[in-house]
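Biologist: I have not looked at this one before, so could you put it on the screen and take me through it?
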Amino acid sequence: MSIPLLYETQTEVRRLFIAGCELAADDFKLKKLLPQMQKAGENAPVFARVVDALNLVLQPGGSNSVKLLELANLINAILYTQGQTSTDGELEDIVPAGLKTLTEVSYRHIQPVIEALTGQGSGRLEVIRDAYIGGCCHDIRLVYPLIAALDDSYPEIADLAFEILEGFGPAIVMVLKKSLLVDGGKGHARRIGLISKINGSIEKEFYLEVIEKGASEAKAAAIRALKDLPECEDLLQDLSRDRKKDNREASLFALAHLGTDAAVKRLYEVFNGKERDLSVYPIKLCRAKGIALLLVKEGEQLLETVLKSEKGFSLFAKKVEPPSTEVLESFAVVLECFEGKQDPEVFQFLEKCLTHANHLQQFKISSALQGVRDNIAKIVAENIMVIGSPQAMELLESIRCKYDDVLVAYSFEAAVRSRSAGYVFDHYSRYVKEGRKSAEGQGILEVMDQYIDFEEQYRLTDIYSYERKSQRIAGIDKSDIKWDPRWLKILADMDETGLVCRLITKNDGRTADFLARKLANIYEPDTKSMKDIIRGLLQAGYPDMMGIVGKAIDKYFKNARYYSGYLFNDFTQVLRFLPRECAKGLEELALKQDNASAAKLYEIAQYLKMKE
Amino acid sequence: MLKISEELINSNAPNQNAILNGWGLVRKNSFVKLNISQDETVIFGECVGSGTSNYLTSVDFIKPDSPVFRCTCPSRQFPCKHALGLMYAYSSGKKFTTDTIPADILEKRDKVEKREEKKKEKLAGSASVEDGTPQDGADTSVAGTSTSAVSPKKTNKSALVKKIKAQLEGLELLDKIISSTLQGGLGTINEKSLKILEDQAKQLGNYYIPGAQIALRGLINLFWNSNDREKAYSNAVEQLTVLYALSKKGRDQLAKRLNDPEAAYDPSSTLDEWLGHAWQLSELKEAGLVLKNVDLVQLSFHSYVDNARQEYVDEGIWLNLGSGQLVRTLNYRPFKAAKYIREDDSVYSVVHTEELFVYPGDLNPRIRWESMTMRPLTDNECSAIRSYAGRSFKETVKLVKNQLKNPLSEKDPVALLYYEKISKIGDSYVLVDAEGQRLVLADRTGGLEPETVGIIDLLDPGDMKNQTMLVRFYHDMDAKRLYAKPLSIIRENAVIRLAF
């Protein structure tokens with residue numbers, strides 16, 4: 001059977017479909033095919049039928065469209081039986097990745113995740129995160145969408161995809177490599193980062209290949225991946241002098257991780273060169289003693305310069321110039337590089353700095369560690385606090401009453417973490433009595449704000465706290481920290497209602513009455529205070545919770561200038577902490593409210609009813 | 001003890017949101033009462049809602065294969081989130097206290113029983129059976145429509161003749177549309193002519209030939225949605241031949257029917273369906289297209305948007321464990337009513353149904369059932385599935401090509417293939433059978449299912465040899481090739497789905 005001839009005829013028919021069937025009669029190209037077709041028709045009857053149809057098309061007259069469609073129908077029917085299924089060539093065995101996963105996640109569950117991973121727009125992160133938490137992501141069908149998500153412009157999604165893919169283990173490395181473009185951007189750098197995280201130094205040849213052939217971000221990521229390969233140090237040294245900044249930065253990171261003498265030397269060289277910024281983060285990560293010693297030496301010199309200077313004029317001495325901005329900035333950078341370093345030399349240097357707290361507190365600088373612009377003395381204290389050892393706590397606590405108490409908030413924090421509750425109260429309550437108007441009182445109350453929380457069952461998650469210092473404190477285990485009950489009276493006297501609410505203990509009727517009065521006196525809807533006081537009263541076991549909460553809600557609606565469903569929902573979070581007996585009261589209260597808030601109150605009432 | 005599996009609940013849920021909302025009610029403890037009858041045939045409860053009084057919800061398992069959902073809420077979704085929540089509460093082990101069955105449920109049960117009896121009586125007295133409609137808006141079984149309802153439908157002969165004449169007129173209009181399109185040529189199709197074609201497709205709606213209307217819309221959509229004009233031309237040529245074949249064969253069929261309007265529809269061909277006949281289950285029963293006591297395993301599933309039909313289509317590919325035939329469930333959800341129609345989902349259990357209705361069709365006919373029960377898939381059943389796979393690609397391909405050559409046939413049949421190995425030739429993936437025959441695997445550009453060929457690289461090395469694969473065939477006229485798209489791999493103890 002002459003199949004190419006049929007395909008040729010089909011091509012001409014297709015052309016006539018496009019050009020219009022009116023041109024079919026006497027079509028030159030079709031006519032040219034006729035003799036060959038006739039010859040084929042002598043042996044195969046099906047070709048004879050095609051010849052008949054073709055003849056009809058070529059003859060003028062009649063419906064051209066019908067004739068052409070008949071011919072097309074016939075040719076298509078034949079060609080459908082002639083589709084090639086095989087292919088020539090040598091068969092190669094496939095070595096699959098061998099991911100040990102089943103595919104038991106149903107369409108309704110997996111399709112939204114695929115859309116979230118490969119689509120655009122908001123709300124995708126939640127879909128992926130929910131699926132991950134729900135255990136739906138360990139599915140072979142999600143592998144490619146997850147890899148595609150490494151390129152997502154929304155970094156949170158790319159990071160989550162990274163985390164999920166890591167869970168597939170070493171088997172995924174092969175797939176990642178296949179999807180890699182050596183001159184790719186961020187997403188491809190993430191692929192290399194992931195390979196490095198899963199397989200580490202095993203992939204040496206791969207990293208070297210990417211460094212050789214790659215460009216831009218992928219190359220920088222491959223340089224970073226050399227961090228576990230001491231034999232590549234020479235290459236890293238060379239790359240630290242590369243033309244491209246990304247490569248220099250990546251090589252410093254890897255050198256810092258290696259921590260050899262030569263690496264330290266190079267890091268310090270850069271630190272003292274024009275590209276100090278590039279070296280700060282790697283130096284912070286570097287655990288080599290050598291770099292700590294060099295930094296201490298540098299710090300000593302800077303401290304000396306700073307100590308020689310005064311801010312402005314000294315009253316009784318000769319005119320002294322203030323330290324230059326350059327010196328102060330260098331000092332700040334050195335202090336920043338100390339973050340997390342546990343070397344005794346670093347500690348000794350910081351201790352020495354502390355002895356000059358009075359002097360250092362004159363100079364303010366921006367510090368990444370502190371997160372805000374602050375004086376050098378505080379940055380030194382914060383550095384010691386980050387060390388977190390008993391020795392560090394002891395040192396900070398010991399400076400109470402020294403250096404004009406400029407660092408008393410740090411002493412207080414150290415005492416809270418290392419001393420008894422009674423000791424802390426005895427030695428620090430006097431500062432609190434001075435109130436927020438004094439710097440010392442303000443500092444200590446801020447620390448208290450961060451260390452004191454409600455009992456566990458009354459805690460609400462604060463998702464808006466991103467401050468660096470708060471995050472450090474949030475990471476500290478506070479279960480052993482106790483507070484002296486005497487604080488309550490002082491704090492109540494100082495009108496520190498928020499802290500009182502958190503510190504109040506069971507059956508403290510007097511303080512509970514104080515809080516009840518406070519709640520009664522809130523006239524403007526202030527959901528934060530209302531939430532705090534209600535939780536405080538619950539913590540104290542206040543007897544008539546429904547009565548007092550009912551009045552508060554009544555007042556909320558009476559005084560609100562406008563009703564905000566969002567604020568009300570926020571407020572009603574605490575109502576879920578109410579005891580079961582309050583359900584009826586809430587239902588009654590709901591009857592007085594509008595539909596939206598009534599529904600909310602009613603829902604909470606039902607929730608309370610189901611409480612054990 | 002009454003057993004309700006989560007998969008059964010999910011399969012009854014209209015969509016994923018209903019599942020989430022149902023679970024939400026359980027998590028929020030919104031059910032203030034959770035009860036079960038003494039005989040464990042019905043669970044019922046009270047759920048808090050936005051109304052002033054609680055919603056009374058019940059799920060009656062008096063017939064375990066077709067539970068009846070009842071709820072006093074005003075939702076149009078069926079079953080509503082409250083009925084789903086009630087079942088989730090039960091399946092997740094919440095405490096259900098034993099209580100007497102509420103009087104209204106008993107009353108409704110009585111009514112249903114009486115109705116069933118009446119139906120049986122009518123059935124006994126009537127030889128011919130017609131399809132019925134749901135009897136009670138509030139009580140509906142799993143599959144929705146009931147077949148057993150059966151008063152013989154009186155056909156209005158003159159109305160039927162009128163309808164057939166209208167259909168013939170419609171086909172004439174279709175001929176004119178095809179002819180005018182071809183006279184100008186596809187090359188002249190532009191936005192303006194597409195709008196005219198759309199108007200004409202709308203007009204076709206007046207002639208009771210929805211199949212033709214959908215096919216014409218399919219042709220129009222090829223140009224609206226295409227960035228590749230050449231590809232659109234190739235597809236349009238095929239689509240025009242389909243329209244032409246429909247018009248030609250349809251006219252013959254309708255001419256015959258005009259002589260005998262009351263003649264039964266042809267159960268051996270899909271032509272009547274193309275011409276707009278919606279097969280009633282009772283008609284299928286009458287035509288002998290019902291299988292008794294069938295076990296089915298779903299091997300693949302996907303859901304897609306069909307713009308020509310203006311519907312979402314959920315397609316499940318199932319294997320009849322008794323016969324080895326691959327069949328399809330098709331759930332059509334019109335865009336406008338999609339919210340209220342149950343969206344199908346992947347099913348991993350074996351489905352048992354007393355009666356399986358098989359539509360006229362080709363290699364993979366459409367199926368439906370009224371009621372079903374589920375049970376887990378066993379290793380033996382996996383072996384059974386594998387035993388049905390075609391050992392010779394040549395034979396399977398022959399069957400497929402035979403189907404494809406008919407212009408009105410399904411153009412993407414599925415088949416089970418047993419392969420000796422999966423290999424690569426250059427960038428192409430190839431299945432090889434015991435005779436050394438090769439079959440190229442490929443994803444269809446712009447296909448409805450997700451790309452699956454690449455997943456082969458992720459599989460277990462054991463999947464590369466001597467396994468069974470479910471593939472969907474498709475012919476690419478431009479490439480002059482018949483390709484197979486992998487959908488699932490059936491291992492000795494599991495079905496690995498490459499699509500859904």
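Biologist: How much area do chain B and chain A bury between them?
Modeller: In this predicted model, chain B and chain A bury about 6200 Å² between them, and 58% of that is on carbon and sulfur atoms.

Biologist: And how many residues are in contact there?
Modeller: On the chain B side there are 79 residues in contact with 62 residues of chain A.

Biologist: How many salt bridges does the rule find across the interface?
Modeller: The rule finds 4 salt bridges between chain B and chain A, and one of them joins the side chains of Lys178(A) and Asp457(B), with 3.4 Å from N to O. For polar contacts, the count between the two chains is 38 residue pairs, with both residues at pLDDT 80 or more.

Biologist: Which helix gives the most to the chain B side?
Modeller: That is helix α8 of chain B, residues 229-259, which gives 10 residues to the side that touches chain A. Taken as a whole, that side of chain B divides into 40 nonpolar, 19 polar and 20 charged residues.

Biologist: What about strands, which ones are joined between the chains?
Modeller: Strand β1 of chain A, residues 92-93, is joined by 2 bridges to strand β12 of chain B, residues 414-425, and the two run antiparallel. Within that pairing, Glu92(A) has Lys424(B) as its bridge partner.

Biologist: Changing topic, how many helices and strands does chain A have?
Modeller: Chain A has 34 helices and 3 strands.

Biologist: Is chain A spread out or compact?
Modeller: Chain A is more spread out than a compact globule, because its radius of gyration is 38 Å, well over the 25 Å that the globule rule gives for 612 residues. Along the principal axes, its C-alpha atoms fill a box of roughly 120 × 75 × 45 Å.

Note on methods:
Residues are numbered from 1 along each chain as its sequence is written. Chains are lettered from A and ligands numbered from 1 in the order in which they are written. This is a predicted model: local features need pLDDT of at least 70, side-chain atom pairs count only at pLDDT 80 or more; totals for chains, interfaces and linings use all residues. Side-chain values use heavy atoms; hydrogens and water are left out. Contact means heavy atoms within 4.5 Å. Buried area is the accessible area (1.4 Å probe) that two parts lose on being put together, summed over both. A polar contact is a pair of N or O atoms within 3.5 Å; within protein, one must be able to donate a hydrogen and the other to accept it, and residues adjacent in sequence count only if both atoms are side-chain atoms. Helices (H or I, at least four residues) and strands (E, at least two) are DSSP runs, numbered from the N terminus. Ala, Val, Leu, Ile, Met, Phe, Trp, Tyr, Cys and Pro count as nonpolar, Asp, Glu, Lys and Arg as charged, and the others, Gly among them, as polar. Two strands pair if DSSP finds at least two bridges between them. The radius of gyration is taken over C-alpha atoms; the globule rule is 2.2 Å times the number of residues to the power 0.38.
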